[in-house]
Amino acid sequence: MKNHKIIKKFDAWGLFAGTKHLKTLDLALRYVEDALLRRASRLSDKWLVNPTVRKIFERQVLANVFNISVRADEKNFSSARLQPWAQRLEISAGEELCGDDDDSLYMLYAGEIQIRGRDGHDYSVFTGSFFNLDRLLISVGALGGLPSTLGAHASKDSMVLVVTRKKFTEMQKEDGALTQKLLMTMIVQNESNRPGRVRPLARQRAGIMSEDLEASLHGHLRGPAKLATRVLRGKDYKISLTEAQEESFKRIFQIIDEKGEGEIPLDQFARYVMREAKSLGSQIHHKQFMEMIDHSGIDEDGDGTLTIDEFLAFLRGLFLADIPAKVVPALRAAYDEAVAEAPEEPMDEARTTVLFAKLGFDVKSSGWEDVLGVIDGDGDGDVDFGEFLTGVGMMKKLAILATKLDEAFRDYKEQSLAKRRSTFASSRNLNGTQSKRNLKSGGMFTMSFNTNTGTAAPQSQRHLNVPQDDLDDSITAGEGVELSASDLEAFLDVPRDMAEEMVFLADEDEVEAVVNDTGSRGSAPSIECNRTIDRTEFQHLIRSWS
């Protein structure tokens, strides 16, 4: 607000009492978003009452840190992939960056950076975001004109990753796939990382495939699973990491092993993982990371240190599942058949996707894109048989995790129904005339709402209407199970408002509220909104929240 007279009046009226004053709109929006994200993180923690969900969540946090996917996916660019080409630099509060002759690329690792733009507009950089890109591109001749960034300074003690022009040029020559992803990520982040961005829906809801690819997949996706099912029935064939994965992981080990001793203390490894995860948005604290590392089994000999062999074995188990040896010849035949369809053409993304779908794998799952990005981690656009087998191992791993999450999801529903039946039975014993329809249950809630004041009624005045059948549902298949706010209220023992927030965070459907003014004369109209979470939305929540 720039009108100082209005500010003084508002202040005199006491409207600013208890508020936080911020210098710019960007900082205000960032403050609000950070508060909302912290709230969302605390709500999401409630799901971890199930030990299976907790283990899978912790596994996904680690997988995000060590993801080497070369796809231009703005939601998951691990700085671990960038670190071999960068150096960490600690910046004190008030220290200046991006001077006239500075053509380096920066990524904010931790802290807060303010950018001074040529147009007179100052803005904040979010953790995990890049800045000073235009100066770098101008210096290598990829962009003309004047840089939009005039300078930057640290608003508080911060840490950045710095990629010099020389290192960027080396990266272009030695790791073209990473360079391409880096550039695409920075372009996307220009919009997606700004304050006030719109809450996105899941990628597959919006459609992640072209119409041509959808047509190629028709008939494969709905057909009976073939080799994909057989792959699940054994694990006597060891799947290897790709060469790109192994090379990248060895570089990361060398970065963590700052003294070059060949061993990394576990607490040092935990600190590294924590910093990387926080740069990706994780809210987990050091103590939780230490517990996570202890539970992971990464220290095979229990000596408190990590060797390169233990590190690689841990990461192989993190991303891959072994398969039965007897299906390998069939997989080889399927791969060779796919190559023979166009022997002069590379096994690119589209052809690889069709092959996996033909084998019965779910290529519309949210994890498929990461699998594609990893198996072609060298960026040559051609998936060889070894990389294909790694993709099979990754898809099996994802299928196992998805099955475990389905079981946990059904367990949540079963716990809810058991508690609600018990509550109903107790209520019926106390009042034999009470109708089951007045019991708090189901997903449809009716909330009193005063249209004159625009305020909701107190929680104690809210009531719910549900079909009787809801209490008698049997849990047989993940596809048909949905969780409502009442379910969360029952098995998590959380307040109704909190349960509704948790459902809202996970529900990806566009649900419109309906005003019901058909009540008795003089009664306030109500707002009805039916939000539930299905198994797919639950899996997306765990994946994206991590």
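Glu-170 is partly exposed, with a relative accessible area of 24%, in a model that is predicted. Its side chain meets that of Lys-167 in a salt bridge, at 3.7 Å from N to O, and Lys-167 likewise counts as partly exposed, at 34% relative accessibility. Both residues belong to helix H6 (residues 165-174), where they are three residues apart, about one turn of the helix. An α-helix has 3.6 residues a turn, so residues three or four places apart point the same way.

The structure holds 14 salt bridges, and one of them joins Arg-88 to Glu-258, with the closest N and O atoms 3.4 Å apart. Because Arg-88 lies in strand E1 (residues 87-91) and Glu-258 in the loop between helix H11 (243-256) and strand E7 (263-265), this pair ties together parts that are 170 residues apart in sequence. Arg-88 is partly exposed, at 29%, whereas Glu-258 counts as exposed, at 59%. Arg-316 and Asp-322, by contrast, are both buried, and they form a salt bridge in which the closest N and O atoms are 2.8 Å apart. Elsewhere, Glu-489, Arg-496 and Glu-500 are linked in a network of salt bridges.

Other acidic residues form a negative surface patch, among them Glu-243, Glu-345 and Asp-380; Glu-345 lies in the loop between helix H15 (328-340) and helix H16 (349-358).

Helix H21 (residues 535-545) is mostly covered, with eight of its eleven residues buried, including Arg-535, Glu-537 and Trp-545. The N-terminal end of H21 is capped by Asp-534, which places a side-chain oxygen 3.1 Å from the backbone nitrogen of Thr-536.

Notes:
Residues are numbered from 1 along each chain as its sequence is written. This is a predicted model: local features need pLDDT of at least 70, side-chain atom pairs count only at pLDDT 80 or more; totals for chains, interfaces and linings use all residues. Side-chain values use heavy atoms; hydrogens and water are left out. Patches are made of residues with over 30% relative accessible area and no salt bridge: like charges are joined within 9 Å, nonpolar side chains (Val, Leu, Ile, Met, Phe, Trp, Tyr) within 5 Å. Accessible areas come from the Shrake-Rupley method with a 1.4 Å probe; for residues, only the protein chains shown count as cover. A salt bridge is a side-chain nitrogen of Lys or Arg within 4 Å of a carboxyl oxygen of Asp or Glu. Lys and Arg count as positive and Asp and Glu as negative; His and the chain ends are not counted. The place of a charge is taken as NZ of Lys, CZ of Arg, CG of Asp or CD of Glu. Helices (H or I, at least four residues) and strands (E, at least two) are DSSP runs, numbered from the N terminus. Buried means under 20% relative accessible area, exposed over 50%, partly exposed in between (1.4 Å probe, protein chains only). A polar contact is a pair of N or O atoms within 3.5 Å; within protein, one must be able to donate a hydrogen and the other to accept it, and residues adjacent in sequence count only if both atoms are side-chain atoms.
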